[in-house]
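Please open the model in your viewer and keep a selection panel at hand. The tour below goes from one selection to the next and says what is to be found at each stop.

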Amino acid sequence: MPCYEFEGLVPVVDPTAYVHPTAVLIGDVVVGPGVYVGPLASMRGDYGRLILEEGSNLQDGCIMHGYCDMDTVVERDGHIGHGAILHGCVIKRNALVGMNAVVMDGAVIGEESIVAAMSFVKAGFQGEPRQLLAGSPAKMRREVTDEDLYWKGLNTQEYQALAQRSAASMNEVQPLMQVEANRPRLRGVTDVQPKM
């Protein structure tokens, strides 16, 4: 993976994490145990510290950046959907930020909350636990249900398993010229049980 020291700070990646080779890590970045960082994700720790805590994920094309003297944090089991942007914010434990959502400086997304896809969370927003936030600007629409958390938990655990699967099997190769006979299918993750 492209990994760069910046002003003496070298990114830290736990050996049990998986960071895709096309993701970019710069400077003050800390990737914790069992974390998955997807293709083309950018973690630019050239202002504040960027932290992905245990079991969290930062999916394809996400951007994480900070502001001076601020940590940008995704707490344990946080789930950041494809293309989301996190800037100087805190995503609390077991929260989900949907695809292409933006969370701005000083915002805090509460524990077990969900930010809907394409939502914009304004700077300084202070969320509470179990809020479903949606819109631009994002507003609380309802409380997150146990069923919502069940499905969120399944998906997060699939990404935790994907970190292990990717570390064990992903290799750069040349593409085939045609589909081989009896091409196998990827196995599904069927033994995942959500944490409640």
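Select E112 and R130, whose side chains form a salt bridge with the closest N and O atoms 3.8 Å apart; the term stands for a side-chain nitrogen of Lys or Arg within 4 Å of a carboxyl oxygen of Asp or Glu. This pair links distant parts of the chain, since E112 sits in the loop between β15 and β16 and R130 in the loop between β17 (120-121) and β18, 18 residues apart. Strands here are DSSP runs (E, at least two residues), numbered from the N terminus.

The model is predicted, so local features need pLDDT of at least 70 and side-chain atom pairs count only at pLDDT 80 or more, whereas totals for chains, interfaces and linings use all residues. Residues are numbered from 1 along each chain as its sequence is written, and side-chain values use heavy atoms, with hydrogens and water left out.

R93 lies in the loop between β12 and β13, so its pairing with E112 ties together parts that are 19 residues apart in sequence. Next select E111, whose side chain also meets R93 in a salt bridge, at 3.2 Å, N to O; here the parts tied together are 18 residues apart in sequence.

Colouring by accessibility shows E112 as buried at 18% relative accessibility, while E111 at 32% and R93 at 30% are partly exposed (buried is under 20% relative accessible area, exposed over 50%, partly exposed in between, with a 1.4 Å probe and protein chains only).

**Second stop: a hairpin**

Move to β18 (residues 131-135) and β19 (residues 138-143), which pair in the antiparallel sense over five bridges; strands count as paired if DSSP finds at least two bridges between them. A hairpin through two residues joins β18 to β19, and L132 stands opposite R142 in β19.

Finally select L162, R165, S166, S169, M170, N171, V173, L186 and R187, which line the largest pocket. A pocket is an open set of points on a 1 Å grid over the protein atoms alone, where a 1.4 Å probe fits, with protein on both sides within 12 Å along at least five of seven lines, and lining residues have an atom within 4 Å of a point. The volume of the largest pocket is about 230 Å³, taken as the space filled by probe spheres set on the points.

Notes. Helices (H or I, at least four residues) and strands (E, at least two) are DSSP runs, numbered from the N terminus.
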